[in-house]
Structures are given as structure tokens and as C-alpha cells.
Amino acid sequence: MPAIDSCQPNIIHAIQKDGWRVRVQNVHFYDDGYSIYIDLGAERPQPTGKNQRILIEIKCFAEKQSTSELYLALGQVHYYRVFLDELEDDTPIYLAVPFEAYISKLNHIFENALKQCRVGLIVIDIEDEEITEWREPSI
């Protein structure tokens with residue numbers, strides 16, 4: 001099983017406060033001998049009666065000034081999107097990050113890369129456990 005990021009409990013609380021129900025942690029997908037684990041699977045009811053489902057990968061970016069952390073996070077969520085596309089699963093994927101990491105580490109190039117990978121972005125105020133920004137994935 002993958003390791004849990006240190007900010008994961010705070011991010012889960014923020015997602016729940018926004019009306020989402022976390023269905024599962026470490027969502028497992030398997031295809032042709034390969035596995036991936038995405039940190040969270042969440043859902044919330046829609047006016048249509050169906051539940052909206054999303055997948056969330058959490059990154060705390062604990063290291064100061066680590067460009068390699070950005071590369072790894074981007075590569076990871078891009079791989080997840082391609083993996084799910086192969087399974088014909090169009091569930092939206094989001095990268096959830098603390099506000100401090102968003103301000104100090106993520107730039108417009110990283111955000112454009114997320115758009116090209118069709119991955120959304122959720123920015124969380126860790127102390128208040130609230131979502132400060134929600135960007136939908138590009139279609």
C-alpha cells in the first residue's frame with residue numbers, strides 16, 4: 001500500500017466539509033498486470049439523483065524547493081489519467097495540495113501541464129481545513 005501524506009487527514013476533512021463523502025482511501029485499479037492506487041475516491045449527490053464521483057491524489061510537497069517533487073507529482077497524475085483512459089474510465093482526477101505549497105511551488109507552467117493531462121486542482125487551507133480553490137480538469 002502507498003504511504004499516506006502528512007496532510008491527508010486535513011485534506012479529507014476539507015473535502016468532507018465541502019459536501020463530499022470519501023468512499024475509499026487508496027482506490028485500486030488493475031489492468032494487464034499493472035496496478036495503481038489513487039489516494040481518495042469521493043462522491044456527492046447531484047440534483048439528478050446520481051452521485052458525482054471523483055478521484056483525488058494528495059501531495060503535501062513537504063520538501064523545500066524540490067523541483068523533483070513537482071515532476072513526480074505531475075508524472076504520477078498524468079500516468080493515472082492515461083491508465084484510467086485505457087480502462088475507459090472517465091472519472092475526473094484531481095491533485096489536492098496545501099495552499100502553502102500552491103503559493104510557493106506551483107507556477108503557471110505546472111498548472112498548464114495539469115490542464116494538458118486533464119487533471120483538476122484542489123487547493124486546501126490546511127489549518128482551517130477548507131477548500132480555497134477548485135479547478136476543474138480540462139476535457
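Helices (H or I, at least four residues) and strands (E, at least two) are DSSP runs, numbered from the N terminus. The model is predicted: local features need pLDDT of at least 70, side-chain atom pairs count only at pLDDT 80 or more, and totals for chains, interfaces and linings use all residues. Residues are numbered from 1 along each chain as its sequence is written, and side-chain values use heavy atoms, with hydrogens and water left out.

View 1. Rings of Phe, Tyr and Trp (its six-membered ring) pair if their centres lie within 6.5 Å; planes under 30 degrees apart count as stacked, over 60 as edge-to-face and the rest as tilted. Phe-83 is buried, with a relative accessible area of 7%. Tyr-79 is partly exposed, at 44%. Here buried means under 20% relative accessible area, exposed over 50%, and partly exposed in between (1.4 Å probe, protein chains only).

**View 2. Trp-20 and Trp-134.** A search of the whole structure finds three aromatic pairs. In one, the ring centres of Trp-20 and Trp-134 are 5.8 Å apart and the planes are at 5 degrees, so the pair is stacked. Trp-20 lies in the loop between helix 1 (8–17) and strand 1 (21–31) and Trp-134 in strand 6, so the pair ties together parts that are 114 residues apart in sequence. Trp-20 counts as buried at 3% relative accessibility. Trp-134, at 23%, counts as partly exposed. The pair of Tyr-79 and Phe-83 is tilted, with 6.0 Å centre to centre and 45 degrees between the planes. Trp-20, Tyr-94 and Trp-134 form one aromatic cluster.

View 3. At the N-terminal end, Asn-107 caps helix 4: a side-chain oxygen lies 3.0 Å from the backbone nitrogen of Ile-109. After helix 4 comes Arg-118, whose phi is positive, near 60 degrees.

**View 4. Asp-39 in strand 2 (residues 34–45).** Asp-39 is buried yet has no salt bridge (a side-chain nitrogen of Lys or Arg within 4 Å of a carboxyl oxygen of Asp or Glu). The nearest side chain of opposite charge, Lys-59, is 5.4 Å away. A polar atom of the Asp-39 side chain lies 2.7 Å from the backbone nitrogen of Ile-58.

Methods
Lys and Arg count as positive and Asp and Glu as negative; His and the chain ends are not counted. A polar contact is a pair of N or O atoms within 3.5 Å; within protein, one must be able to donate a hydrogen and the other to accept it, and residues adjacent in sequence count only if both atoms are side-chain atoms.
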